[in-house]
Every structure is written in C-alpha cells, then in structure tokens.
Amino acid sequence: MRHTTGVIGTRRFAITAAVVLVLATAASVAASFDVVAGGAAVVLDDLAQLATGLFATGCCWWTARRATGPDRRWRIATGFGMAGWSTGQALWTWYQLVERRAVPSPSLADAGYLSIVPFAFVALLVIGNHRRSDTPDALLDRRSPSARLVLLLDGVIVVGSLFGLAWTTSLGGLVAAGNPGSAAFLVAIAYPATDLVLLVIVVALSADRKVVLQPQLRLLGLGLAALAASDFAFAYLVSVQAPEVPPLANAGFVVGPALIGLAALAPPPSPSTGRGRDRRRWGWAYLLMPYVPLLVSSVLVLRRTVIGDLGPLDGVEIGCGFTVFVAVILRQLVTLVDNTKLVLLLRESERTLTHQAHHDPLTGLANRALFERRLDEAMDAHHRDGTPFGLLFVDLDDFKAVNDLSGHAHGDALLERVAQRLRQCVRDTDVVARLGGDEFGVLVEGVDEPEKVAFRVLDALGAEISASVGVVICADPDPEATAASVLGRADKAMYEAKRDGGRGLVIHP
C-alpha cells in the first residue's frame, strides 16, 4: 500500500529493512573477518560506507517529494546532512583508494562528515516540534520553563560525563599522541561532543509521548548512535596508536546511514502508535539518562584517584567533573521545587474534585449525597446523645413558570439568590443543600426551636420569592426514626404547605 507521504507500506518496509540491514551487516562482516582479505577488504569497507550514505541521502529526498509539513522538512534536512556525510566519505575513499595516502587531519573529509551535525540538529528540532494536540498535558508540562531547565541540565550532565569519559579513554591520548594544532584539536573534539549532544536530544524526544514521528525518530536515533559508536572506536584506536583501523570499528559507518535511510522509509505512525508500555519504557530511559554516564565516569575518576594507574587527573577532566557536579546539584534543586509544586497541585486538585463531588455546580451548596450523609450523622448523634436537630424542606412555588416566561438563565439566577439567602439564615455549622431542581434542604443541629430558622427563611425570601417550607423537629429520641423517614416527613409537610396556597410553612410532628 502506498501512502500519501511516499513511504512504503508496513509489510514492504519490514522486508526492505531486513534486506538493507542484512546487506550492510554482511559487508561489515565480510570486511572484518577475512571473508574478503587484504586490500579488497578496505575497498569493500569504504564502498559500503559510501553506498549506505548515498542510500540514506536518496531515501530522505525521495520520500520528501510527496511529504508535507514537518514530515517533509525533517527529511530534507536529514538528506542534506547525509549528502554532506557521503561527500566526506567519498573524499576519504579517494584519499585511501586512489591517492593511496593517509588522510590528513583536518581535511575536507572532516568538513563533510561534520556537516551532518547541524542538519541532524534541525531535523530533530522539527520532529520534536511536531506534537500531538489531542494528548492531555501532564500536571507539569515538559514545555514549562522548569522542565526545559531540567532538560538542559540533563544534557550538560550527560555530555559532560561522557565527554570526560571519552577524554580519559581516547581523546586525551589522541591529543597527546598527535600533539595537534588548534584546528586538529577542534576536529578531534568535535566528533564525540556533537555525537553526544545529538544522542541526548534523541533520548529526550523519545521520552515525550506527544511527539508524533516516534518510529522515524527512533530509527534516526539508532543511526546516529551507530555513527557515534564508530566515531568513538576510531578515536580510541588512534589514541592508542593502533597500526590500522580494523573494518569492524567502521561497522557503525555502514549500519548507521542504513538506519537513517530506513527512518525516511518508515510508514507514518498510526493513531494507536505509542502504547502505554512503550511510553513507560522510554520514560524510564529519559529518567535514567543523566545518571548512567555519570555513574560510569564517577567510577573511572574514583579509580584514577584511588589507584592512580592511569595517571593524575588533568585540567580537562577536572573541569568536566566540576561542571557535571554543579549541574547535578542544580538539577536536584529544580526537581525538588517541581516536586513540591506537584504535591501542592495534587492536593488542590483533590480538594477541588472532592468539593465538586459533594456540591451543586450552580449554587455551590451541598448536593443531595452530602446532605443525606450529614443527615445520617445527625440521626446517629440524635440516637446516641439525644442531640436535637431540625430539618427544613424548601420548595419554590411556580418555579416552572419562571423558566417558561423569563428563560432558564433568569431561573438559574433566581436559584443562586435563594441559595445566598438560605446561607444567611443559618450558622456555618449548619447544612444548606440543593436537593434537585428548585428543592432545597436545611439541616440545623443542636437548636431547640428550629422552626425559628424556618420563619427566618420565609422572611429572607421576602415577597419576591414564593416558597413552601416543610419542617420536622427531632427533639425527643425516637428509636424507629431514620434519616429517610425524617426526610420523607419534611417532604410531606412541604406539600401540605403548598396545598394551603404556598408561601408558608407546615411543621410535621
């Protein structure tokens, strides 16, 4: 099935991915394990890298023809990056196979290889900004200032830790062995530093459930990781002054571009993409991202400090360590502040939900459920301690006519005025509730003459609002009385008042 974006269908993609990865892996294996020996292995290795680079470039630009929006922009940017990388590989191949001489450093090949970095950064930025709008935001959105600061600090921790590790294991030796000038030094530093920055961005975006192009992002990230692995392997071999770079160390330069090409060919994500388990797995990866490299580099620094077999720490390692230490402290402080805000927000949300569950949304009075619960509690206290209470059932007269003649907005305003006046007639400890429609209940506890409250209610409603009130007084303990029976007696008394013409009250014995 062909999609509008020009990518292939799911089944064809799976077959294509298998074929491409098998061929890329076979080329690396053949060059690395003497299946093809001698100069032929070097030729196969260099040409395989060039072929997969051109494959990635072609896939990105071919699929971009019919893509639109962000899906088109990231493909174009990645295509330019892979075109530059392929140019660098072509120059490298020319140096090795045609001129048969060592590749100078820095050279135009380095410029070509490193050109992938800005274009990959742009591609990741486009993918990261292409987000779903139908997914509810978290309580603390990842685009908040504090979340962005945490992401920045995570990047500093990861890049600083891994750069310190890379300097200790390879870059430091590479610089010391070659005694490079400033240009060569910058080139030696640029590869691992930029690789680490791009990988941190990939992990952070992969943990964001709102990013739409997750399949493409992860394949692109795997491709960049493969390139980074070979960059580090190459730097390490040079730092230990290895006589040659075995083709196996270049496997990432073959497989990485192949994965990037497959990212461009991957089918668009379906609405069901990003299931809960998958999101949780990448979420854990995001949470652990700063601490894994920090732990590894800390162990290495501790080993050098205690054992001293690798020599004392130099200025670069001390600077990286101090920077990472400060970033960790700041990250913990920001996280602590965010967690405090989150706890307060959760508590406020709980209070809001509890209030909404037990109160009428229009008037703000207690709803029927809360009123019946408080009535049950009053009845229990009445049976147990003999505490008296009174129950008022208030029903507005001819309220339907108000809605029919003046509209529901006017009726709602009338109900709000009634609620306000009922509150003014009782204490804060008493309960006023809207039982439904134009019916209200008032529960007055510990008052010997609750009928006085009923007269205050009628006076407060005044001539403007006509209402019928039924009153039940529970002064003497009655073992057979229940909350439901008392409420029924109050309802009956209210209807008796209404039959008498309304605008009055009836006290039920």
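A residue counts as exposed when its relative accessible area is over 50%, as buried when that area is under 20%, and as partly exposed in between. These words are used in the legends below, which describe close-up views of a predicted model.

**Figure 1. A salt bridge joins Arg 384 and Asp 385.** The side chains of the two residues meet with N and O 3.4 Å apart. Arg 384 has a relative accessible area of 58%, so it is exposed. Asp 385 is also exposed, at 53% relative accessibility. Side chains of opposite charge can pair when their charged atoms come close. A search of the whole structure finds 13 salt bridges.

Figure 2. Glu 348 is partly exposed, with 40% relative accessibility.

**Figure 3. Asp 397 and Lys 498 are joined by a salt bridge.** The N to O distance between the side chains is 2.7 Å. Asp 397 lies in the loop between strand S1 (389-396) and helix H14 (399-406), whereas Lys 498 lies in helix H17 (residues 483-499), so the pair ties together parts that are 101 residues apart in sequence. Asp 397 is buried, with a relative accessible area of 13%, while Lys 498 is partly exposed at 27%.

**Figure 4. Ser 468 makes a polar contact with Asp 397.** The side chains of these two residues are joined at 2.8 Å. Ser 468 belongs to strand S4 (residues 467-474). Its relative accessible area is 0%, so Ser 468 is buried. Leaving aside neighbours within four places in sequence, the residues in contact with Ser 468 include Phe 393, Val 394, Met 494, Lys 498 and Gly 504.

**Figure 5. Five strands form an open sheet with mixed pairing.** The strands follow the order S2-S3-S1-S4-S5. Strand S2 (431-436) and strand S5 (504-508) stand at the edges with a single partner strand each, so one side of each has no neighbour in the sheet. From one strand to the next, the twist averages 20°. Strands S2 and S3 (residues 439-445) run antiparallel and are joined by 5 bridges. Val 431 has Leu 443 in S3 as its bridge partner. Helix H16 (residues 451-461) packs on the sheet and touches S1, S3, S4 and S5. The direction of helix H16 makes about 165° with that of S4.

**Figure 6. Phe 80 and Phe 119 form a stacked aromatic pair.** A pair of aromatic rings is described by the distance of the centres and the angle of the planes. The structure holds 4 aromatic pairs. In the pair of Phe 80 and Phe 119, the centres are 5.8 Å apart and the planes are at 25°. Phe 80 is in helix H3 (residues 69-98) and Phe 119 is in helix H5 (residues 116-129), 39 residues apart. Phe 80 is partly exposed at 42%, and Phe 119 is partly exposed at 31%. Together with Trp 61, they form one aromatic cluster.

**Figure 7. Trp 85 and Phe 253 form a tilted aromatic pair.** The centres are 6.4 Å apart, with 50° between the planes. The pair links helix H3, which holds Trp 85, with helix H9 (residues 251-265), which holds Phe 253; the two residues are 168 residues apart. Trp 85 is buried, with a relative accessible area of 4%, and Phe 253 is buried, with 11%.

Note on methods. Residues are numbered from 1 along each chain as its sequence is written. This is a predicted model: local features need pLDDT of at least 70, side-chain atom pairs count only at pLDDT 80 or more; totals for chains, interfaces and linings use all residues. Side-chain values use heavy atoms; hydrogens and water are left out. A salt bridge is a side-chain nitrogen of Lys or Arg within 4 Å of a carboxyl oxygen of Asp or Glu. Buried means under 20% relative accessible area, exposed over 50%, partly exposed in between (1.4 Å probe, protein chains only). Helices (H or I, at least four residues) and strands (E, at least two) are DSSP runs, numbered from the N terminus. A polar contact is a pair of N or O atoms within 3.5 Å; within protein, one must be able to donate a hydrogen and the other to accept it, and residues adjacent in sequence count only if both atoms are side-chain atoms. Contact means heavy atoms within 4.5 Å. Two strands pair if DSSP finds at least two bridges between them. Axes are lines fitted to C-alpha atoms, for helices over the stretch in contact, and angles run from 0 to 180 degrees between N-to-C directions. Rings of Phe, Tyr and Trp (its six-membered ring) pair if their centres lie within 6.5 Å; planes under 30 degrees apart count as stacked, over 60 as edge-to-face and the rest as tilted.
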